[in-house]
Amino acid sequence: MRRVLKRGVLALAALLILAQFFPVAYTNPPVTSEIVLPADVEPILRRSCYDCHSNETVWPWYSRVAPVSWLVAKDVAEGREYLNYSEWGRYDAERLAELMEETVEEIEEDEMPMPAYTWLHPDARLSDTDKRILTEWAVANGGTATDENDEDH
């Protein structure tokens, strides 16, 4: 049994070393049309959202170690594809309204920032005040707040 465990640990170590030879691209494309934000909204978005939803990602040390690097790069790519504050000008009015609606929903359902992200970045957690500020901003820009008595809540 001990021999099998030792071989398993060695095999796992070898796989982790081998994985380092398959790096991901750590890109921060240029900001093409940054969003103009109110003074109370900007620091919240920068602290809690920009790493995945802008071209200003801060790549932490663990984002350079496979296989975690693959997951981080995937999350950033998906986040930027869905909503990118650094390319705000590419969205038409209909898409902006959808994004504001989705922002309200994500905040109300505590789905963003992602729990795995806030576990590693506790300062990114949204306080009740942060949630109120972001929700009011999103509603003022086309989002809709849900009713507290809605069946989904």
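**Cores, helix packing and aromatic contacts in a predicted model**

Of the 20 residues in the largest nonpolar core, Leu45, Tyr85, Trp88 and Trp137 touch the most other members. A nonpolar core is here a set of buried Ala, Val, Leu, Ile, Met, Phe, Trp, Tyr and Cys residues joined through side-chain atoms within 4.5 Å. Buried means under 20% relative accessible area, exposed over 50%, and partly exposed in between (1.4 Å probe, protein chains only). Helix 2 (42-48), helix 5 and helix 7 each supply at least two residues of this core. Helices are DSSP runs (H or I, at least four residues), numbered from the N terminus. A second, separate core has 5 residues, including Cys52, Tyr62, Val72 and Val76. In soluble globular proteins, nonpolar side chains tend to be buried together.

The model is predicted: local features need pLDDT of at least 70, side-chain atom pairs count only at pLDDT 80 or more, and totals for chains, interfaces and linings use all residues. Residues are numbered from 1 along each chain as its sequence is written, and side-chain values use heavy atoms, with hydrogens and water left out.

Leaving out residues up to four places away in sequence, tryptophan 137 touches Ile35, Leu37, Pro38, Val41, Leu45, Tyr85 and Met100. Contact means heavy atoms within 4.5 Å.

Helix 5 (93-108) was examined next. At 1.5 Å a residue, its 16 residues should span 22 Å, and the end C-alpha atoms are 23 Å apart, which agrees. The expected span is 1.5 Å times one less than the number of residues. Leu99, Met100, Thr103, Val104, Glu106 and Ile107 are buried in helix 5. Seen down the helix axis, the buried residues fall within an arc of 165 degrees, so they line one face of helix 5. The arc is that of the directions from the helix axis to the C-beta atoms. An α-helix has 3.6 residues a turn, so residues three or four places apart point the same way. The buried residues of helix 5 pack against helix 4 and helix 7 (128-140).

Threonine 135 is placed in helix 7 and, at 15% relative accessibility, counts as buried. Beyond its neighbours within four places in sequence, threonine 135 is in contact with Val104 and Ile107. At 10% relative accessibility, aspartate 130 counts as buried. With neighbours within four places set aside, aspartate 130 is in contact with Ile44, Arg47 and Arg125.

Helix 4 (68-82) contains glutamate 78. Glutamate 78 is partly exposed, with a relative accessible area of 45%. Its C-alpha atom is separated by 8.7 Å from that of histidine 53, 25 residues apart along the chain.

The structure holds 4 aromatic pairs. Rings of Phe, Tyr and Trp (its six-membered ring) pair if their centres lie within 6.5 Å; planes under 30 degrees apart count as stacked, over 60 as edge-to-face and the rest as tilted. Tryptophan 61 and tyrosine 62 form an edge-to-face pair, 5.8 Å centre to centre with 85 degrees between the planes. Tryptophan 61 is exposed, at 67% relative accessibility. Tyrosine 62 is buried, at 13%. Tryptophan 88 and tyrosine 91 also form an edge-to-face pair, 5.6 Å centre to centre with 85 degrees between the planes. Tryptophan 88 is buried, with a relative accessible area of 16%. Tyrosine 91 is buried as well, at 10% relative accessibility. Tyr50, Tyr85, Trp88 and Tyr91 form one aromatic cluster.

A charge also meets a ring. The charged end of arginine 95 sits over the ring of tyrosine 82, 4.7 Å from its centre. The criterion is NZ of Lys or CZ of Arg within 6 Å of the ring centre and within 35 degrees of the ring normal.

The backbone has several marked features. The peptide bond from alanine 66 to proline 67 is cis, with omega near 5 degrees. Proline 67 is found in the loop between helix 3 (50-53) and helix 4. The peptide bond from methionine 112 to proline 113 is cis too, with omega near -10 degrees. Proline 113 lies in the loop between helix 5 and helix 6 (115-120). Aspartate 110 lies in the loop between helix 5 and helix 6. Aspartate 110 has a positive phi of about 55 degrees although it is not a glycine. Aspartate 110 is partly exposed, with a relative accessible area of 47%.
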